[in-house]
Amino acid sequence: MAQPDGTRGRVLQVNVSAGGVPKRPVAEAWVDRLGLAGDAHHDDTEHGGPHRAVALYALEAIRRVQADGHPISPGSAGENLTTTGIELAALPVGTRLAIGERLVLELSKPDNPCKTIAANFTDGRFARISIATHPLDSRMYARVLTAGPVRPGDAIAILPPAPGSTAQLHELLDLIESVEQHEALLQWRAAREAGHAIHILDDGDLAAAAAPGLDHPAFNRAYGLRQLPDLVDRLTAFYRSAGTTGYLVAAEPPWPGAVAGPTYELLATHPAAVPTLPPPGGVAIRTFSDHDADRWLQAALEVPAEAFEPPMAPAVRRAFLEGLLATAAGHGSTIFLAEADGSPVGWARVFVRRGVALLGAAEVVPAWRSRGIHRALIAARARQAEAEGALHVVAQARDGSPSARNLAAMGLRPIWTRRDYPCAVEAALPAPR
């Protein structure tokens with residue numbers, strides 16, 4: 001059970017390392033936006049960043065794990081602050097911890113264990129401290145609200161979430177972005193297997209593709225900067241190496257003077273909040289099957305390039321559609337067809353993973369627009385999401401676009417705003433640090 005606001009614990013140990021575990025105790029450390037001074041990570045695309053700046057672990061949890069016969073000890077599981085007197089993992093995300101003279105942290109998410117800490121367990125099963133299996137025994141991550149020093153013995157006061165806290169939103173965005181990146185990687189790999197020259201970066205929370213021959217953001221986009229803005233240099237270096245323009249997905253300029261592309265809204269709701277809506281008269285909606293591929297591809301390729309934002313050249317368009325086909329079976333993806341007299345007049349994809357249903361790649365041929373087909377396709381995909389047990393229906397749409405209006409009319413609400421920031425290889429990009 002979570003302790004009430006105002007409960008006081010204390011810092012037992014302050015731990016840092018140059019990377020890896022164990023982290024060793026120190027007498028004092030300064031803590032700012034990116035964590036403790038003198039601390040680092042070997043796997044910096046899976047740890048660190050402003051939303052995982054500080055890792056905390058309660059002595060109470062350590063003792064329970066020790067009682068099971070495991071050789072864990074303060075600092076050996078990689079936490080920065082070992083605490084006592086507070087059941088940290090019982091506190092909700094968004095809880096603030098006022099520590100010592102100035103430091104204020106905000107719990108941001110559980111710190112999921114990985115093989116790096118396997119030596120702490122007699123059987124190597126690091127899931128012993130997963131919040132999914134032993135909720136009280138998980139480590140926790142925190143972001144830094146107010147920078148300051150931390151020392152062993154510092155008092156810790158539990159405070160309620162700050163007014164307007166975005167901690168729970170960022171926890172949801174972590175989940176959504178992990179699913180977005182998984183879907184993008186499937187699409188990029190399908191394009192590469194089809195013979196396109198495409199370079200792929202798949203490194204923890206960073207995912208990016210660079211395809212000089214497919215000049216479009218769909219094949220030259222980078223994800224991960226919301227969690228890891230400090231690693232922007234790694235992404236710009238990736239596009240320098242590939243010799244092509246990349247599009248970095250971010251809510252804020254990733255470097256001073258960065259020029260923003262179009263603004264996109266990320267919209268979401270629970271599948272049950274999306275109303276059931278039949279297609280207009282004369283139109284039927286059904287799920288896609290293998291025998292639909294040729295005629296669907298032919299109809300899709302006839303949609304003018306100008307219908308897309310930004311426009312898709314024919315070669316890019318074909319690669320994109322073929323990628324949808326290649327990843328439609330056995331990867332959590334379902335394509336819906338809207339037909340009139342047996343001919344495709346619209347189609348839409350839903351990708352379901354980890355309880356998130358991504359609505360994407362929805363199109364209606366120009367002659368059939370403004371008849372309600374798009375909204376009926378949203379409803380069909382929401383029903384599919386419900387059938388697969390999804391808790392979130394999520395879509396991205398350009399701000400003010402017809403797609404954004406249709407999604408809003410079907411109950412999805414904006415939760416986040418972001419842009420594509422182009423980093424052209426010939427432009428003045430930040431030099432690697």
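Which residues have the most contacts inside the largest nonpolar core? In this predicted model, they are W188, F219, W296 and L407, and the core that holds them has 59 residues. Helix α6, which spans residues 373-387, gives the most to this core, contributing seven residues.

When neighbours within four places in sequence are left aside, W296 is in contact with F288, L321, L324, L325, L337, P344 and W347.

Charged pairs were considered next. Side chains of opposite charge can pair when their charged atoms come close. The count of salt bridges in the model comes to 26. One of them joins R418 and E177, with 3.9 Å between the closest N and O atoms. With the cut-off for burial set at under 20% relative accessible area, R418 counts as buried because its relative accessibility is 4%. E177 also counts as buried, at 9% relative accessibility.

Helix α2 also holds R189, whose partner D202 lies in strand β12 (residues 199-203); the pair therefore ties together parts 13 residues apart in sequence. The N to O distance in the salt bridge between D202 and R189 is 2.8 Å. Both side chains belong to partly exposed residues: D202 has a relative accessible area of 43%, and R189 has one of 31%.

A further salt bridge is formed by R295 and E339, at 2.4 Å from N to O. Here the parts tied together are 44 residues apart in sequence, because R295 lies in helix α4 (residues 293-301) and E339 in strand β18 (residues 333-340). The accessibility of the two partners falls into separate classes under the definition used: R295, at 28% relative accessibility, counts as partly exposed, whereas E339, at 10%, counts as buried.

Some salt bridges share partners, and through them K109, D174, E177, E180, R226 and R418 are joined into one network.

Technical notes:
Residues are numbered from 1 along each chain as its sequence is written. This is a predicted model: local features need pLDDT of at least 70, side-chain atom pairs count only at pLDDT 80 or more; totals for chains, interfaces and linings use all residues. Side-chain values use heavy atoms; hydrogens and water are left out. A nonpolar core is a set of buried Ala, Val, Leu, Ile, Met, Phe, Trp, Tyr and Cys residues joined through side-chain atoms within 4.5 Å. Buried means under 20% relative accessible area, exposed over 50%, partly exposed in between (1.4 Å probe, protein chains only). Helices (H or I, at least four residues) and strands (E, at least two) are DSSP runs, numbered from the N terminus. Contact means heavy atoms within 4.5 Å. A salt bridge is a side-chain nitrogen of Lys or Arg within 4 Å of a carboxyl oxygen of Asp or Glu.
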